[in-house]
Amino acid sequence: MSTIVLAYSGGLDTSVLLKKYVLEGHRVIAMTLDLGESDGTAGAGASAALNEVKAKALALGAYDALLIDAKERFINDYAQHALRANALYEGVYPLSAALSRPLIATLLVETAHKYSADAVAHGCTGKGNDQVRIEIAARALDPAIATLAPLRDSPLSRPDAMIFAEHHGVPVSSTVAKPYSVDANLWGRSIEAGVLEDPWAAPPEDAYAWTAAAENQPQHAEHLVIDFDEGVPSFEGQCGASLVATLNHLAGQHGVGRIDLVEDRVIGVKSREVYECPGSIALITAHKALERLVLTRDELRFKATVDQKYSELIYDGLWPSPLRTAFDAFNGSFARRMTGKVRLKLHHGSATCDGSRSPFALYDESLATYGAGDRFKHDAAAGFIELWGLPLELEARVARQPERPRNGAPVPAA
C-alpha cells in the first residue's frame, strides 16, 4: 500500500481517480485548495461548496481530506510577482491558471511530506499545459516524490468515467454535462471546450460569469484610485486577496477583462481560450501607468523585454527556474519608486488610466508645458539634433560618393 496525495477538485475525473486509488488499496490524501474560485467574494455559499468537496472525498474512502485556504498565499507569493512584471502571455492573458499551478505543486509536496507520502497525483490530461507546470514544479521541490498522471497514462473518456461512477457509487453532479471546461481563481477565470473550440464561433454569453454584457453595464463611467506602496496595490484600505476580489466585482460590472485568445500551448498546439480577468487587468493597467510615470525611458524599454520573457516562463511551467528568480530581483529593484496613486476609469469594457501621481515622478510640468511657465531650453535642441543625426548624415554622405573599384582607384568618367 502506498500513500498518494491527490489534487482533488470534487469533479467527475478526480472523484473517479480517488475511488480507483482506494479500490487498488492505496491510502489517498485528497487535497482541495481555495484560491478564490468564486472570484474571491466567496462568502458562506462558496465555503459550503468547498466543505461539500471535502466531505465527498471522505465518503469516497479518502484516508484524509484537506481543505486549504491559499488565497492570500496565491496573491502575495505569486500574483504580486506577476504584477510587478506586468505579466501578460502573448501580450493578452494575465496567466491566472498558469500562476496557480506552481502553488498547487508546492502544496502537494508539502502535504506529501506531512503524511510521508510516496507520490502526488493530478488529473491533467496529456494535451494540456498544466501537467507540465505541476510536474516540473513538484520535481524541482522534491525529485524523490513520484508524480502520477493517471489521465495521461490511461485516458478516460467522459462516458467511461460516468459508467465507473455509477458502478462504484461515485456521486455525479448535475453539472457534469456543462458545455464548457472552467478553471477559476482570484486572478481570473478561464473557459474552454464546447462551441469555443471553433475559433470562428463567437463566445456565447452564457460562457461568462464575472463580467457584464454590454447591455447590462452601467451607463456612466466609474473612477477608482489604486494606491501603490513600493509596488504593492491597495484600494480603500483593502489589499491582497480582498482587494483582487473587490476589483473583480467592480471592474466586472463594467465588462472589463473579457479576453478571447488563440494561444500557443506549451506542447506545441494552438488552443482557443476565453478568459475573464477583471481584477488582474485593472491592476496591471494601473501598474503600467505608474511605471510610465516613475521609470526612465531605458528602464521601460528594457523592462518590456524582461516582462515578456517573465510571462513566457510562467506559461511554460518554468516558475522554479533561476531566471525567473533573477527577474524578480530585477523587478524588485524598482520597488521604492513604485509608490503613488493611479486613477482608473472603468467604462464599457475597458480600464484606462486618466490620472497618476507619485513622489518619484520623473514628469516635470515646467519642462513639458507650452505655457508661460516653460523652462525648457529651446535653443539647445538644435545642437542635440545635429549630434543625434550625425551618424545618419555620415552614412548618407558616404552613400552619395561615386562608386569605386576594389583597388580604390576612382571609376573613370564615361
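User: How is a pocket read here, and what volume does the second largest pocket have?

Analyst: Rolling a probe the size of a water molecule over the atoms shows where empty space is left. On a 1 Å grid over the protein atoms alone, a pocket is an open set of points with protein on both sides within 12 Å along at least five of seven lines, whereas a cavity is a set where a 1.4 Å probe fits but cannot get out; lining residues have an atom within 4 Å of a point. In this structure, the second largest pocket has a volume of about 230 Å³, a volume being the space filled by probe spheres set on grid points joined across faces, edges and corners. The model is predicted, so that local features need pLDDT of at least 70 and side-chain atom pairs pLDDT 80 or more, while totals for chains, interfaces and linings use all residues. Residues are numbered from 1 along each chain as its sequence is written, and side-chain values use heavy atoms, without hydrogens and water.

User: Which helix gives the most to the lining of the second largest pocket?

Analyst: Helix α10 does, with six residues. Helices (H or I, at least four residues) and strands (E, at least two) are DSSP runs numbered from the N terminus. Both α9 (278–294) and α10 (297–315) supply at least two residues of this lining. Among the lining residues are Asn86, Lys288, Arg292, Lys303, Asp307 and Ser311.

User: How do the residues of that lining divide by class?

Analyst: Five are charged, four polar and three nonpolar. Here Asp, Glu, Lys and Arg count as charged, Ala, Val, Leu, Ile, Met, Phe, Trp, Tyr, Cys and Pro as nonpolar, and the others, Gly among them, as polar.

User: How many cavities of 30 Å³ or more are there?

Analyst: The count comes to two cavities of 30 Å³ or more. The largest cavity holds about 60 Å³ of space. Its lining includes Arg84, His287, Glu291, Lys303, Asn331 and Phe334. By class, four residues of that lining are nonpolar, three polar and three charged. Glu291 and Lys303 line the second largest pocket as well.

User: What lines the second largest cavity?

Analyst: Ala98, Pro102, Arg133, Ala137, Ile314, Gly317, Leu318, Trp319 and Pro320 line the second largest cavity, whose volume is about 40 Å³. Seven of these residues are nonpolar, one is polar and one is charged. Helices α4 (96–115) and α5 (130–141) each supply at least two residues of this lining.

User: What is the phi of Leu95, and is Leu95 buried or exposed?

Analyst: Most residues other than glycine have a negative phi. Leu95, however, has a positive phi near 70°. This residue lies in the loop between α3 (71–84) and α4. Leu95 counts as buried because its relative accessibility is 0%; buried means under 20% relative accessible area, exposed over 50%, and partly exposed in between (1.4 Å probe, protein chains only).

User: Where does Ala193 lie?

Analyst: Ala193 lies in the loop between β7 (188–192) and β8 (222–229). Its phi is positive, about 80°, although Ala193 is not a glycine. Ala193 counts as partly exposed because its relative accessibility is 23%.

User: What separates the C-alpha atoms of Gly123 and Leu95?

Analyst: The two C-alpha atoms are separated by 20 Å, and the residues are 28 apart along the chain. Gly123 lies in the loop between β4 (119–121) and α5. With a relative accessible area of 25%, Gly123 is partly exposed, whereas Leu95 is buried.
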